[in-house]
Amino acid sequence: MPHPHQLNHIELLETISNTLSRYISESNPYLLFNGLLKDLLKLTHSEYGFIGEVFHNADGTPYIQSYATTDIAWSADTRKLYQETAEKGMIFGKLNSLYGDVLKTAQPVISNAPAKDPRSGGLPKGHPPLNCFLGLPFYSDNQLQGVVGIANRQGGYNQALVEDLAPFLSTCSNLIRAYRNNVKRLKIEDELESYKLRLKSALNKKENTANTQAAVKTDNPVQLHRDFRFCLHTTSLFQGQKLVTLTVKEKVLLKNLAEQPNTIVSHQQLERLVWPDVVVGTSSLRALVLRLRKKAPGLPLKSVSKQGYMLETNTTDTCC
């Protein structure tokens with residue numbers, strides 16, 4: 001007998017295509033995976049779920065740190081916990097559970113009667129009903145990399161759905177691997193920039209001191225939204241009275257955006273300006289923007305999908 005909600009393969013392909021398109025313009029993995037989870041729940045007609053990466057404690061015990069989790073808070077305490085961990089990732093570490101069985105076996109788990117399933121660890125008091133559950137592992141280099149969990153599909157889950165969702169799991173694996181590679185590259189770039197700055201300081205301490213003194217001067221800066229100011233002459237960024245420490249590439253990026261305020265500067269143009277002697281892809285520029293946003297939360301640096309970036313300002317007056 002066919003399932004009341006057969007998987008729509010066209011919608012699955014659209015979901016994967018839209019997700020990969022969002023990855024090109026979205027630097028925050030939590031926003032990306034939350035959108036992906038919503039698409040998955042709609043696609044499978046499920047009520048709630050999670051997508052997470054697998055890590056291990058010091059003793060080797062596996063656990064899941066989520067990138068996306070449906071808000072199913074059933075009390076003030078659980079609602080507070082969800083709000084506090086939504087952007088950092090909730091931790092799922094109970095091995096005596098249905099998702100825990102995925103961690104232990106690295107195999108899919110289908111349970112259409114969780115209350116009677118010996119693998120289930122039960123539910124906390126007040127937890128929404130769990131009528132059925134599907135836990136799906138995904139891999140990287142034949143190692144368990146992450147877990148997708150969805151629940152409460154009318155008619156339950158089956159092996160056919162597990163097989164149909166293979167492209168979705170492959171997409172999850174590729175996205176996490178891409179983010180991990182970006183993080184590694186950022187660390188190497190940070191270390192390289194640190195050594196360059198230390199070398200420059202050692203070779204010309206006097207010049208470095210003069211530059212520092214010049215950076216403190218904030219007369220008539222380019223005024224950005226949200227209490228940010230940027231000086232074109234010294235390429236110095238201030239948040240209030242605080243000087244934000246920038247790397248050379250971050251300064252070049254901001255200077256070129258500030259010279260054309262409220263104007264979209266294309267990805268290609270920015271890549272040529274920031275990396276004049278190296279051919280790079282959009283992922284390098286996206287990683288640089290992510291690092292800058294982390295240093296200056298609230299900086300009015302707007303991403304325009306498939307076009308470029310724009311720095312919003314209150315005034316176009318320059319400074320210094």
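This is a predicted model: local features need pLDDT of at least 70, side-chain atom pairs count only at pLDDT 80 or more; totals for chains, interfaces and linings use all residues.
View 1. Ring pairs join Phe 92, Tyr 99 and Phe 50 into a cluster. The structure has five aromatic pairs. Phe 50 belongs to strand S1 and Tyr 99 to helix H4, so their pair ties together parts that are 49 residues apart in sequence. Both of these residues, Phe 50 and Tyr 99, are buried. The ring centres of Phe 92 and Tyr 99 are 5.6 Å apart, and their planes stand at 80°. An angle over 60 degrees counts as edge-to-face, so the Phe 92 and Tyr 99 pair is edge-to-face.

View 2. Five salt bridges are counted in the structure. One of them joins Arg 119 to Asp 101, with the closest N and O atoms 3.9 Å apart. Arg 119 sits in the loop between strand S4 (109-111) and S5, while Asp 101 sits in helix H4 (residues 98-105), so this pair ties together parts that are 18 residues apart in sequence. Arg 119 also meets Asp 117 in a salt bridge, at 2.8 Å from N to O. How exposed are the partners? Arg 119 is partly exposed, at 28% relative accessibility. Asp 101 is buried, with a relative accessible area of 14%. Asp 117 is buried too, with a relative accessible area of 12%.

**View 3. The salt bridge between Glu 259 and Lys 255.** The closest N and O atoms of Glu 259 and Lys 255 are 2.5 Å apart, in a salt bridge. Glu 259 is partly exposed, at 42% relative accessibility. Lys 255 is partly exposed at 27%. Back in the previous view, shared partners join the salt bridges of Asp 101, Asp 117 and Arg 119 into one network.

**View 4. Strand S6 and its two partner strands.** Eight of the nine residues of S6 are buried, so the strand is largely enclosed by the rest of the structure. Strand S1 (residues 48-56) runs antiparallel to S6, and six bridges join the two. Within this pairing, Tyr 48 stands opposite Ala 151. S5 also runs antiparallel to S6, joined by eight bridges. Here Tyr 139 has Leu 144 in S6 as its bridge partner. S5 and S6 form a hairpin with two residues between them. In the turn, Asp 141 has a positive phi of about 55°. In a regular strand, side chains alternate between the two faces of the sheet.

**View 5. The largest nonpolar core.** This core has 28 residues. Phe 33, Ile 51, Leu 134, Val 148, Leu 165, Phe 168 and Cys 172 have the most contacts inside it. Elements giving two or more residues to this core are H2, strand S2 (62-69), strand S5 (133-140), strand S6 (143-151), helix H5 (159-164) and helix H6 (166-203). H2 gives the most, with eight residues. What does Val 148 touch, beyond residues up to four places away in sequence? Its contacts include Leu 40, Phe 50 and Ile 51. They also include Leu 134, Gly 135, Leu 136 and Phe 138. A second, separate core has 25 residues, among them Leu 224, Leu 270, Leu 292 and Ala 296.

View 6. Leu 37 lies in helix H2 (residues 29-44). Is Leu 37 buried or exposed? Buried means under 20% relative accessible area, and Leu 37, at 3% relative accessibility, counts as buried. Setting aside residues up to four places away in sequence, Leu 37 touches Gly 49, Phe 50, Ile 51, Ala 68, Thr 69 and Thr 70. Thr 70 is 33 residues from Leu 37 along the chain, yet their C-alpha atoms are separated by 8.1 Å.

Definitions and conventions. Residues are numbered from 1 along each chain as its sequence is written. Side-chain values use heavy atoms; hydrogens and water are left out. Helices (H or I, at least four residues) and strands (E, at least two) are DSSP runs, numbered from the N terminus. Buried means under 20% relative accessible area, exposed over 50%, partly exposed in between (1.4 Å probe, protein chains only). Contact means heavy atoms within 4.5 Å. A nonpolar core is a set of buried Ala, Val, Leu, Ile, Met, Phe, Trp, Tyr and Cys residues joined through side-chain atoms within 4.5 Å. Two strands pair if DSSP finds at least two bridges between them. A salt bridge is a side-chain nitrogen of Lys or Arg within 4 Å of a carboxyl oxygen of Asp or Glu. Rings of Phe, Tyr and Trp (its six-membered ring) pair if their centres lie within 6.5 Å; planes under 30 degrees apart count as stacked, over 60 as edge-to-face and the rest as tilted.
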